[in-house]
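Subject: Handover of the structure

Hello,

Here is the structure we talked about handing over. Please open it and keep it in view while you read the notes that follow.

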Amino acid sequence: MVLSLGDNKSLEDLYQTKILEFAREARKIRLLSNHDVRFVSKNPLCGDEVTIDLVIDDERKISSYGHHVRGCSICEASSGLLSKNVIGLNIDNTEKLRVKLVSWLNNESNDLPFLELENLVPVKNFKNRYKCVSLSFDALSGACSKFKQD
């Protein structure tokens, strides 16, 4: 028996092997013992929670990243993919990255923040899961905004 989410889309379509692999890898990442900023983003609808720690260098670039994800495999996979791509990123560009992701999810753009997110294409068929993908990007953007304010 295959569980359905409607519109002829199954849970198997959503939780494909690649997403599960990225989620497993993301579980290996830990919060940083020394960080410049920590930020928590929560999804009140499902209870997912992403905590991000960052170390920011003198050039305003992310030099270290850590996270703790309490959420579904999609949320974990997105956080894991983010972790592989943020080192060296200028903190002034993180909000643009988040906006680009949301535009891609909403089919307003084909421009991915980074190529590996292509593996999350199945999520685009499940609008109620967009927040699962974007939660870590929200946390990153929030952490960088908080750092700028401090």
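Before the helix pairs, one definition: a helix axis is a line fitted to C-alpha atoms over the stretch in contact, and the angle between two axes runs from 0 to 180 degrees between the N-to-C directions. Note also that this is a predicted model.

Helix pairs

With that definition, α4 and α5 pack at an angle of about 165 degrees, and their axes are 8 Å apart. An angle over 145 degrees counts as roughly antiparallel, so α4 and α5 are roughly antiparallel to each other. α4 passes α5 in a left-handed crossing. On the α4 side the residues that meet α5 are T94, E95, L97, R98, L101 and L105, and on the α5 side they are Y130, V133, S134, F137, D138, L140, S141 and C144. Sorted by class, the contact of α4 with α5 has eight nonpolar, three polar and three charged residues.

The second pair is α2 and α3. Their axes come within 7 Å and cross at roughly 65 degrees, which makes α2 roughly perpendicular to α3. The crossing of α2 past α3 is left-handed. From α2, the contact uses I19, L20, F22, A23 and A26; from α3, it uses S73, I74, E76, A77, G80 and L81. The residues of the contact of α2 with α3 divide into eight nonpolar, two polar and one charged.

The crossing of α3 and α5 is right-handed. I74, C75, S78, S79 and L82 of α3 make the contact with C132, V133, L135, S136, F137 and L140 of α5. By class, the contact of α3 with α5 has eight nonpolar, three polar and no charged residues.

How enclosed is α3 by the rest of the structure? In α3, 11 of the 11 residues are buried, so this helix is largely enclosed by the rest of the structure. The buried residues of α3 include S73, E76, G80 and S83.

In soluble globular proteins, nonpolar side chains tend to be buried together. In this model the largest nonpolar core has 38 residues, and the members that touch the most other members are I52, L54, I62, L82, L117, L120 and L140. At least two residues of this core come from each of α2, β2, β3, α3, α4 and α5. α5 gives the largest share of the core, nine residues.

Leaving aside its neighbours within four places in sequence, I52 is in contact with V37, R38, F39, Y65, G66, H67, L82, S136, A139 and L140.

Most residues other than glycine have a negative phi. R60 is partly exposed, with a relative accessible area of 31%.

N107 is in the loop between α4 and α5. N107 has a positive phi of about 60 degrees and is not a glycine. With a relative accessible area of 55%, N107 is exposed.

Regards

Technical notes. Residues numbered from 1 in each chain as written. Predicted model: local features only at pLDDT ≥ 70, side-chain atom pairs only at ≥ 80, totals over all residues. Heavy atoms only, no water. Core = buried A, V, L, I, M, F, W, Y, C linked by side-chain atoms within 4.5 Å. Buried < 20%, exposed > 50% of the residue type's maximum accessible area, 1.4 Å probe, protein only. Helix = DSSP H or I, 4+ residues; strand = E, 2+ residues; numbered from the N terminus. Contact = heavy atoms within 4.5 Å. Parallel < 35°, antiparallel > 145°, perpendicular 65-115°, else oblique. Left-handed = near helix turned anticlockwise from the far one by under 90°. Nonpolar A, V, L, I, M, F, W, Y, C, P; charged D, E, K, R; others polar.
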